[in-house]
Amino acid sequence: MFGSAPYRGNPLGVVLDGGGLSTGEMQRFAHWMNLSETTFVLPPSAAGADYHVRIFTPAAELPFAGHPTLGTCHAWLEAGGTPHQPEAVVQQCGAGLVTLRKTPDGLAFAAPPLLRDGPVDEELLRHIATVLGIGRAEIVDASWADNGPGWVAVMLASAEAVLAVRPGPVDLDLGLVGAYPPGSPEAFEVRAFFPKNGFTTEDPVTGSLNASLASWLLRAGYARAPYVASQGTALGRAGRAHISTGPGGTIWVAGATVTCVSGKVDL
């Protein structure tokens with residue numbers, strides 16, 4: 001998902017018929033798949049929803065995540081899913097109802113509201129600088145950007161500075177952002193770090209982070225929509241998140257989706 005070409009984005013496993021599976025069985029399969037996330041599609045229980053999705057990392061269930069939202073919608077439509085509304089798909093998930101639509105840049109989801117935003121206290125900023133292996137003065141600005149995953153967004157002076165970071169053990173979900181020079185094809189470079197089984201993991205492309213980053217960057221005047229964010233460069237990927245806004249200030253996050261592997265599994 002969000003890749004500029006097949007196998008250049010962030011992979012996702014989608015089980016299109018998750019009916020009858022227990023939470024433990026879903027978690028066990030997601031752990032075995034060992035992808036960033038694995039999703040399970042269920043009949044909707046909320047009025048207006050086209051389907052219900054449960055989203056699992058190898059270790060835990062998430063109420064919302066961006067690239068699983070786009071990937072699940074892609075797989076559901078490809079399998080013959082028909083939305084109630086001709087111009088939109090409504091997904092039910094742990095965070096509520098999320099609207100998706102088709103755009104020239106791929107499927108897009110409407111960013112859910114932030115659960116927490118605002119300044120990050122100085123003690124935590126010093127801790128973040130330490131785990132990132134940078135000086136406190138290198139953090140230009142920061143904000144909570146929690147829309148399900150508990151992201152803390154950290155701005156560095158440039159995209160080059162973001163790509164130069166070599167973190168140590170992280171103990172919270174960190175999103176880094178730095179601007180490219182004016183006139184560049186992409187406006188920002190983004191990186192996402194989180195702890196997993198005692199180790200630091202970097203996510204190739206992160207829809208939820210790009211959604212919450214957009215809310216902060218646009219509100220604070222660091223960005224103007226539409227813009228494109230690059231992610232995954234440090235991992236040899238070529239992720240692209242396309243950010244735009246709609247009526248009422250709704251933030252839309254779009255990206256390419258493609259089916260690379262399909263088949264059947266016994267669960």
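Reader: Does Trp32 count as buried or exposed?
Author: This is a predicted model, in which local features need pLDDT of at least 70 and side-chain atom pairs count only at pLDDT 80 or more, while totals for chains, interfaces and linings use all residues. Residues are numbered from 1 along each chain as its sequence is written, and side-chain values use heavy atoms, with hydrogens and water left out. Relative accessible area sets the classes: buried is under 20%, exposed over 50% and partly exposed in between (1.4 Å probe, protein chains only). Trp32 has a relative accessibility of 65%, so the residue counts as exposed.

Reader: Which residues of helix H1 are buried?
Author: Helices (H or I, at least four residues) and strands (E, at least two) are DSSP runs numbered from the N terminus, and H1 spans residues 23-33. Its face turned away from the buried side carries the exposed residues Arg28, His31 and Trp32. The buried residues of H1 are Met26, Gln27, Phe29 and Ala30.

Reader: What arc do these residues cover around the axis of H1?
Author: The buried set is Met26, Gln27, Phe29 and Ala30. These four lie on the same side of H1 because their arc around the axis, taken over the directions from the helix axis to the C-beta atoms, is only 165°.

Reader: Which strands do the buried residues of H1 pack against?
Author: Packing is judged by contact, meaning heavy atoms within 4.5 Å. By this criterion the buried residues of H1 meet strand E1 (13-15), strand E2 (38-42), strand E3 (51-56) and strand E4 (61-62).

Reader: How many aromatic pairs does the structure hold?
Author: Rings of Phe, Tyr and Trp (its six-membered ring) pair if their centres lie within 6.5 Å; planes under 30 degrees apart count as stacked, over 60 as edge-to-face and the rest as tilted. Ring pairs link Phe29, Trp32, Phe40 and Phe56 into a cluster. The number of aromatic pairs in the structure is 7.

Reader: What is the arrangement of the rings of Phe29 and Trp32?
Author: Among the 7 aromatic pairs is that of Phe29 and Trp32, whose ring centres are 5.9 Å apart with planes at 25°. The two residues are 3 apart in helix H1, so about one helical turn separates them. Phe29 is buried at 9% relative accessible area, whereas Trp32 is exposed at 65%. Given the 25° between the planes, the pair is stacked.

Reader: What is the arrangement of Trp216 and Tyr222?
Author: Trp216 is buried, with 5% relative accessible area, and Tyr222 is partly exposed, with 35%. Their centres lie 5.8 Å apart and their planes at 70°, an arrangement that is edge-to-face.

Reader: Which residue lies over the face of Trp144?
Author: A charge sits over a ring if NZ of Lys or CZ of Arg is within 6 Å of the ring centre and within 35 degrees of the ring normal. Arg101 meets this over the face of Trp252, at 3.9 Å from the ring centre. For Trp144, at 3.7 Å from the ring centre, the residue is Arg116.

Reader: Which element gives the most to the lining of the largest pocket?
Author: A pocket is an open set of points on a 1 Å grid over the protein atoms alone where a 1.4 Å probe fits, with protein on both sides within 12 Å along at least five of seven lines; lining residues have an atom within 4 Å of a point. The largest pocket is lined by 34 residues, with Leu12, Gly13, Val14, Thr259 and Val261 nearest its centre. E1, H1 and helix H2 (66-78) each supply at least two lining residues. The greatest contribution, 4 residues, comes from H2.

Reader: Which residues does His74 touch, not counting residues up to four places away in sequence?
Author: His74 is placed in helix H2 and counts as buried at 14% relative accessibility. With residues up to four places away in sequence left out, the residues touched by His74 are Leu107, Thr257, Val258 and Thr259.

Reader: Which residue does a cis peptide bond join to Ala225?
Author: Ala225 is in the loop between H5 and E14 and is partly exposed at 32% relative accessible area. The cis bond has an omega of about 0°, and the residue it joins to Ala225 is Pro226.

Reader: What is the phi of Asn34?
Author: Most residues other than glycine have a negative phi. Asn34, in the loop between H1 and E2, is partly exposed at 48% relative accessible area. Although not a glycine, Asn34 has a positive phi of about 60°.
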